[in-house]
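Reader: I have a structure here and would like to learn how to read it. Could you walk me through a few features?

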Amino acid sequence: MTLKLYWAPRSRSFRILWLLEEIGAPYERVLVDIHAGKQATAEYKAINPMMKVPALADGEARVAESGAICAYLSDKFPEAGLAPQFDDPRRGRYLQWLFFSSGGIEPAITQTFGKFEMPSGQAGWGNAQRVWAVLEDAVHPGPWLLGDTFTAADVLIGSDLHFVVNQFKILEGRPAIDAYIARCADRPAYKRALKLDESGE
Ligand SMILES: N[C@@H](CCC(=O)N[C@@H](CS)C(=O)NCC(=O)O)C(=O)O
């Protein structure tokens with residue numbers, strides 16, 4: 001059964017396109033035209049009730065949320081070597097980074113755009129400045145979050161940071177983060193995914 005990735009160009013679904021290119025298993029891209037409202041059809045809501053891309057269908061299985069899809073795919077294809085296995089102590093940090101995308105980075109983006117403050121002890125992500133500083137430390141000296149081993153966490157965090165720096169343009173003056181984004185963009189799978197993404201179909 002071929003994997004189906006529900007995708008829209010220049011969106012957060014790029015990261016799963018990149019991950020699938022890293023894995024190398026066959027998959028099908030299903031375009032969801034989010035600018036034409038196609039994410040709000042009953043058919044797509046059955047795939048992801050949040051009406052967002054990315055989402056994945058694998059036989060009977062349905063998975064949405066980028067971090068969950070990264071965990072699902074990297075565990076499904078252990079031979080791709082993109083997830084430390086269950087008895088590997090590095091799995092702890094690996095999972096931490098997968099959850100940090102939605103638990104730390106997304107709220108930091110929202111806080112930066114929304115220009116609001118709240119007590120850092122009460123905000124689950126502390127504050128945006130702390131999130132960026134923690135990430136800057138985590139990607140230096142690298143090359144990857146777990147050191148020499150590239151994982152699905154790099155796909156997720158690397159694409160988050162690319163969005164934050166290059167698309168949203170809400171973070172600058174962090175050379176270690178810029179260098180990490182450049183290392184990600186230099187991967188052949190990233191380049192293949194970018195080509196597919198830019199084709200727009
Ligand atoms: N929490 C989701 C967020 C996905 C998301 O925000 N997708 C945006 C595109 S970048 C989307 O589908 N927007 C269409 C809409 O909300 O109508 C994830 O991490 O996968």
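Author: Gladly! Let us begin with a term: a polar contact is a pair of N or O atoms within 3.5 Å. Please keep in mind that this is a predicted model. Here, an oxygen atom of the ligand lies 2.7 Å from an N or O atom in the side chain of Lys52.

Reader: How much of the ligand does the protein bury?

Author: On its own the ligand exposes 510 Å², and the protein buries 76% of that.

Reader: Which residues are around the ligand?

Author: They are Ser11, Arg12, Arg15, Gln39, Met51, Lys52, Val53, Pro54, Glu65 and Ser66. Sorted by class, this shell holds 4 charged, 3 polar and 3 nonpolar residues.

Reader: How do I read a pocket?

Author: Rolling a probe the size of a water molecule over the atoms shows where empty space is left. In this model, the largest pocket has a volume of about 530 Å³, and the space the ligand takes is that largest pocket.

Reader: How many residues line the largest pocket, and which lie nearest its centre?

Author: The lining has 26 residues, and those nearest the centre are Arg12, Val53, Pro54, Glu65 and Ser66. By class, the lining divides into 12 nonpolar, 8 polar and 6 charged residues.

Reader: Which helix gives the most to that lining?

Author: That is α4, with 5 residues. Both α3 (66-76) and α4 (90-114) supply at least two residues each.

Reader: What should I look for in the backbone?

Author: Most residues other than glycine have a negative phi, and most peptide bonds are trans. With that in mind, look at the bond from Val53 to Pro54: this peptide bond is cis, with omega near 5 degrees. Pro54 is in the loop between α2 (42-45) and β3 (55-58).

Reader: Where is Pro143, and is the peptide bond from Gly142 to Pro143 cis or trans?

Author: Pro143 sits in the loop between α5 (128-138) and α6 (152-167). The peptide bond from Gly142 to Pro143 is cis, with omega near 0 degrees.

Reader: And what about phi of Arg10?

Author: Arg10 has a positive phi, near 50 degrees, and is a residue other than glycine. You can find Arg10 in the loop between β1 (3-7) and α1 (14-23).

Terms used:
Residues numbered from 1 in each chain as written. Predicted model: local features only at pLDDT ≥ 70, side-chain atom pairs only at ≥ 80, totals over all residues. Heavy atoms only, no water. Near = heavy atom within 4 Å. Polar contact = N/O pair within 3.5 Å; in protein donor to acceptor, adjacent residues only side chain to side chain. Areas by Shrake-Rupley, 256 points an atom, 1.4 Å probe, with all protein chains shown as cover. 1 Å grid on protein atoms, 1.4 Å probe; cavity = no way out; pocket = protein on both sides within 12 Å on 5 of 7 lines; lining within 4 Å. Sits in = over half its atoms within 2 Å of the grid points. Nonpolar A, V, L, I, M, F, W, Y, C, P; charged D, E, K, R; others polar. Points joined across faces, edges and corners; volume = space filled by probe spheres on them. Helix = DSSP H or I, 4+ residues; strand = E, 2+ residues; numbered from the N terminus.
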